[in-house]
Amino acid sequence: MSFIDSHCHINFHELSENIHDVLAKMQQNEVVAALCVSVNLADFPQVLALAERYPHIYASVGVHPDYESVEEPTVERLVELAQHPKVIAIGETGLDYYRLTGDLDWQRERFRNHIRASIACGKPLIIHTRSSAEDTLRIMAEEGAEKAGGVMHCFTENWEVAQAALDMGFYISFSGIVTFKNALQIKDVAQRVPMDRILIETDSPYLAPVPFRGKLNQPAYVKHVAEEIALLRGMSAAEVGQQTSGNFARLFKL
Ligand code: NI
């Protein structure tokens, strides 16, 4: 059995302070690789350092829509930073109308720049969308995001949104939220997404799956996400691990 955590933030201090334990726990739980996702340019060197140090840790480059007063990435800068062989994706990027309100033109412009960079460098997108599905899909379509491909990470939308993303060639990634008892809509989507388009993730240090809900999350726990999807689809966790790991390798061209 083996699993890959397609989205984590092990550079955040909660996890980086105990990185050796975090990596040992991954190994014990057969989590063979993880993608450490960048949220701003200031912290990108730490993300890259982890990827350079550990063969099974990969990096992305991008600026999260929740980070308002930070260095704004140009298309050229993103493309330049993405040249590193351990940088396998652009993001996380997208829109978030839940955490931030008011005039969010800057968020949409930033999202467009990430899509342009992704198309230019040939590395897929990691997309975050919260309370903004309609605009997210519209901007993806307007910018030709299907040319870049990518993943809708920590998916919490309905089947129609999943279908629109799938139609643009995107993958759908499920986090620990799929294990929550009341997450019926997400469980429904997890039963319907074609098996060759599913990824699993932790988004750690946040959103720990059951039975660790409310505690500090870590990549090792992605196994519990796989187990839940296995349960929902009448498969074994090993099969979910194998399929989602294959999807990860295909999407990120490993
Ligand atoms: Ni994230």
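Modeller: The account below starts with the nonpolar cores and continues to helix contacts and loops.

The model is predicted. As a general background, nonpolar side chains in soluble globular proteins tend to be buried together. In this model the largest nonpolar core has 73 residues. The residues with the most contacts inside that core are Ile-10, Ile-57, Val-61, Met-140, Phe-170, Ile-172 and Phe-174. Helix H9, residues 222-233, supplies the largest share of this core, 6 residues.

Once its neighbours within four places in sequence are left aside, Ile-10 is in contact with Leu-15, Ser-16, Ile-19, Val-22, Cys-36, Leu-50, Ile-57 and Pro-219. Apart from the core described above lies another core, of 14 residues, among them Leu-35, Val-151, Phe-248 and Phe-252.

Phe-252 lies in the segment after helix H10 (237-251). Its relative accessibility is 4%, so Phe-252 counts as buried. Not counting residues up to four places away in sequence, Phe-252 touches Leu-35, Ile-88, Ala-89, Pro-124, Val-151 and Leu-199. Phe-252 and Met-152 are 100 residues apart along the chain, and their C-alpha atoms are separated by 14 Å.

His-56 can be set beside this. His-56 lies in the loop between helix H3 (44-53) and strand S3 (57-61), and with a relative accessible area of 25% it is partly exposed. Leaving aside neighbours within four places in sequence, His-56 is in contact with Leu-23, Met-26, Val-32, Ala-33 and Ala-34. The C-alpha atoms of His-56 and Tyr-97 are separated by 34 Å, while the two residues are 41 places apart along the chain.

The next topic is the packing of helices. The axes of helix H5 (residues 105-121) and helix H6 (residues 133-143) come within 10 Å and cross at roughly 40 degrees. That angle makes H5 oblique to H6, and H5 passes H6 in a right-handed crossing. On the H5 side, the residues that meet H6 are Arg-108, Phe-111, Arg-112, Ile-115, Arg-116 and Ile-119. Their partners in H6 are Asp-135, Thr-136, Arg-138, Ile-139, Met-140, Glu-142 and Glu-143. By class, this contact of H5 with H6 has 5 nonpolar, 1 polar and 7 charged residues. Met-140, in this contact, was also named among the residues with the most contacts inside the largest core.

Helix H9 takes part in another contact. The axes of helix H8 (residues 184-192) and H9 come within 9 Å and cross at roughly 70 degrees, which makes H8 roughly perpendicular to H9. Lys-187, Ala-190, Gln-191 and Arg-192 of H8 make this contact with Glu-228, Leu-232 and Arg-233 of H9. The residues involved divide into 2 nonpolar, 1 polar and 4 charged.

Finally, the loop between strand S8 (198-200) and H9 holds Pro-205, Leu-207 and Pro-211. A cis peptide bond joins Ser-204 and Pro-205, with omega about 15 degrees. The bond from Val-210 to Pro-211 is also cis, with omega near 10 degrees. Leu-207 has a positive phi of about 60 degrees although it is not a glycine, and with a relative accessible area of 29% Leu-207 is partly exposed. Cys-154, likewise not a glycine, has a positive phi of about 45 degrees. Cys-154 is placed in the loop between strand S6 (150-152) and helix H7 (159-167), and its relative accessible area of 11% makes it buried.

Conventions: Residues are numbered from 1 along each chain as its sequence is written. This is a predicted model: local features need pLDDT of at least 70, side-chain atom pairs count only at pLDDT 80 or more; totals for chains, interfaces and linings use all residues. Side-chain values use heavy atoms; hydrogens and water are left out. Axes are lines fitted to C-alpha atoms, for helices over the stretch in contact, and angles run from 0 to 180 degrees between N-to-C directions. Helices (H or I, at least four residues) and strands (E, at least two) are DSSP runs, numbered from the N terminus. Angles under 35 degrees count as roughly parallel, over 145 as roughly antiparallel, 65 to 115 as roughly perpendicular and the rest as oblique. A crossing is left-handed if the near helix is turned anticlockwise from the far one by less than a right angle, and right-handed if clockwise. Contact means heavy atoms within 4.5 Å. Ala, Val, Leu, Ile, Met, Phe, Trp, Tyr, Cys and Pro count as nonpolar, Asp, Glu, Lys and Arg as charged, and the others, Gly among them, as polar. A nonpolar core is a set of buried Ala, Val, Leu, Ile, Met, Phe, Trp, Tyr and Cys residues joined through side-chain atoms within 4.5 Å. Buried means under 20% relative accessible area, exposed over 50%, partly exposed in between (1.4 Å probe, protein chains only).
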